[in-house]
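Here is my note for your first look at this model. Please keep the structure open and follow the points in order.

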Amino acid sequence: MLRVAVVGSGPSGVYAAQSLVQQSQVPGVRVDVLDRLPCPYGLVRYGVAPDHEKIKSLQNNLRTVLEHERVRFLGGVRVGPDGLPTARLRELYHAVVYCVGAAADRRLGVPGEELPGSWSATEFVSWYSAHPDAVSDGFVPGARAAVVIGVGNVAVDVTRILARGVAELSPTDMPQGALAALSHSQVREIQMVGRRGPSQARFTTKELRELGGLPDTDVVVDPAELALDPGYADPSGLPAAQRRNVEVMRGWAERPPSGGSRRIRLRFFLRPVELLPEGERVGAVRFERTVPDGHGGVTGTGRYEDIEAQLVLRSVGYRGVPLDGLPFDAEHGTVPHLAGRVLRDGSVAPGEYVAGWIKRGPTGVIGTNRPCAKETVTSLLEDAPALAQREVPDDPLNVLRTEGLSPVEWTGWQAIERAEAELGASLGRGVVKLPDWRSLMQAARAAGAP
Ligand code: NAP
């Protein structure tokens, strides 16, 4: 029998577990899915925007995997030097699949980035998603205008959440503190700014279109700015996805504003060079106007534009972080691998695997993780005869307990779910997420979980 630990219960971890138990090549594989949080689902719970109920409902598919008879969820277990060392984990299981994602955000590297009022989009997302490590700044008090730097799907998410009214946010599972803060938001103008052109934006058309349907909100694009992009003037040579984006923006550029109380402005060919203070906090972002360089990139023009913003969300992508005991490619923020097998100094490290963003970098949608995890599991199953030779404890959970760890098991997670339903009912809302470690652990332990 093969015992496998999967580290991380986001989509890539759960899809890896699913591939391991839904195959017949190596029968009877048992999988423990470890997560440092007491809650499963990774970015599906803590990254997918709360108003995207349909994508969030993917949790139901992930749930069936974690409830499989040969899969166990072990939450609240931190893997690394301040928890369970990776070397110890290797001793307890025949194989370990690291699905730890890309936990940090990329930096802009411009002056003023650290000014109060300037946040990474990840920090904002964590806050409205009730991540227990999130800062609880409130983000919007005192802000009239916001700038979102970057034009990917995360930028669209945070822009949309800033533009939504309380009536639309209240039915979501957003934590009460974030809902209260956003319902008093005075942010009226949100500029989402790309350093390249509209035909090079990274957002997907479905997400882009949604901005146009927000109540009481105008989406504005400047035709002159769009026209700087050769792909905008003649979209016929663009890939279909980009062409659709351009068509949506063309429609917005041609329609008159409806007089909504909020405005989203899509801006292009503006490269952030500095965040400017107003008193102690950020007051504006200085951008340099860019022009296409003919090779898909841009060059600066030496002309600058300051855009007012008391709130700046830097949405320029995620970045993988090294995990102690695992090799790391700092340039790409990934673990070097060969078809999912971890490479140490260029050679395969038997029994160690990666899947998801820590394997391929922070790109793709949730479904991209399925084939990615499958490739990794295929490698693992090929290695299984050799891996199974090694003696491992009968039940690693007993060992973890004797070593002082007390993982939150599935019953503990179910108790958290019940507590969130009860909290929502007490507030006259649906399910409302618990936003801090104390209440999560209290709920989990109340289940009688060890
Ligand atoms: P992303 O798609 O990589 O977009 C990053 C954006 O930041 C790009 O516009 C990029 O511009 C810009 N950028 C990078 N460095 C910059 C700099 N120094 N200055 C100015 N702009 C800079 O990243 P993401 O939005 O964080 O999304 C991550 C992944 O999650 C993506 O695969 C995304 O599709 C996925 N996701 C999907 C959904 C959904 O399906 N609903 C929701 C959220 C996230 P350049 O192109 O010029 O580099």
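1. Start where two helices meet. From H1, the residues in contact are Pro11, Ser12, Tyr15, Ala16, Gln18, Ser19 and Leu20. Across from them in H15 sit Asn369, Arg370, Ala373, Lys374, Val377, Leu380 and Leu381. By class, this contact holds eight nonpolar, four polar and two charged residues. Bear in mind throughout that the model is predicted.

2. Now look at the geometry of that pair. H1 covers residues 11-21, and H15 covers residues 369-387. Their axes come within 8 Å and cross at roughly 45°. That angle makes H1 oblique to H15. The crossing of H1 and H15 is right-handed.

3. Next comes an open sheet. In which order do its seven strands run? The order is E3-E2-E1-E4-E18-E17-E16, and the pairing is mixed. The edges are strand E3 (71-74) and strand E16 (337-338), each of which pairs on one side only. H1 packs on this sheet and touches E1, E2, E3 and E4. The direction of H1 makes about 175° with that of strand E2 (30-34). Angles over 145 degrees count as roughly antiparallel.

4. Zoom in on one strand pair of the seven-stranded sheet. Strand E1 takes in residues 3-7, and strand E4 takes in residues 95-98. They pair in the parallel sense, over four bridges. Val6 stands opposite Val97 in E4. As background, strands of a sheet pair through backbone hydrogen bonds, either parallel or antiparallel.

5. Step back to the domains. How is the protein chain divided? Domain 1 consists of 3-103 + 320-407, and domain 2 is 106-316. The centres of domain 1 and domain 2, taken over C-alpha atoms, are separated by 33 Å. At the contact, 11 residues of domain 1 meet 16 residues of domain 2.

6. A further sheet deserves a look. It is open, with six strands in the order E6-E14-E7-E8-E10-E9. Here the pairing is parallel. Strand E6 (118-120) and E9 are the edge strands, and each pairs on one side only. Direction ignored, neighbouring strands of this sheet are turned by 20° against each other on average.

7. Trace the pairs in the six-stranded sheet. Strand E7 (residues 145-149) pairs with E8 in the parallel sense over five bridges. Ile149 stands opposite Val193 in E8. Strand E8 (residues 189-193) also pairs with strand E10 (residues 262-267), in the parallel sense and over five bridges. There, Glu189 stands opposite Arg263 in E10. Strand E9 (residues 217-221) pairs with E10 too, in the parallel sense over five bridges. Val219 has Ile264 in E10 as its bridge partner.

8. Which strands of this sheet does H13 touch? H13 packs on the sheet against E9 and E10, and its direction makes about 105° with that of E9. H13 (residues 240-254) also packs with helix H10 (residues 205-212). The angle between the two helices is about 10°, and their axes are 9 Å apart. H10 and H13 are therefore roughly parallel to each other, since the cut-off for that label is under 35 degrees.

9. Check the side chains and glycine at that helix pair. H10 contributes Thr205, Leu208, Arg209, Leu211 and Gly212. H13 contributes Ala241, Arg244, Asn245, Val248, Met249 and Trp252. The contact of H10 with H13 divides into six nonpolar, three polar and two charged residues.

10. Finish with H6 and H9. Helix H6 (residues 121-128) and helix H9 (residues 176-183) pack at an angle of about 115°, with axes 8 Å apart. H6 and H9 are therefore roughly perpendicular to each other. Phe124, Trp127 and Tyr128 in H6 meet Gly177, Ala178, Ala181 and Leu182 in H9. How many charged residues does the contact of H6 with H9 have? The contact has no charged residues, with six nonpolar and one polar.

Methods: Residues numbered from 1 in each chain as written. Predicted model: local features only at pLDDT ≥ 70, side-chain atom pairs only at ≥ 80, totals over all residues. Heavy atoms only, no water. Pairing = 2+ DSSP bridges. Contact = heavy atoms within 4.5 Å. Axes fitted to C-alpha atoms, helices over the stretch in contact; angles between N-to-C directions. Parallel < 35°, antiparallel > 145°, perpendicular 65-115°, else oblique. Nonpolar A, V, L, I, M, F, W, Y, C, P; charged D, E, K, R; others polar. Left-handed = near helix turned anticlockwise from the far one by under 90°. Domains from an automatic or database assignment.
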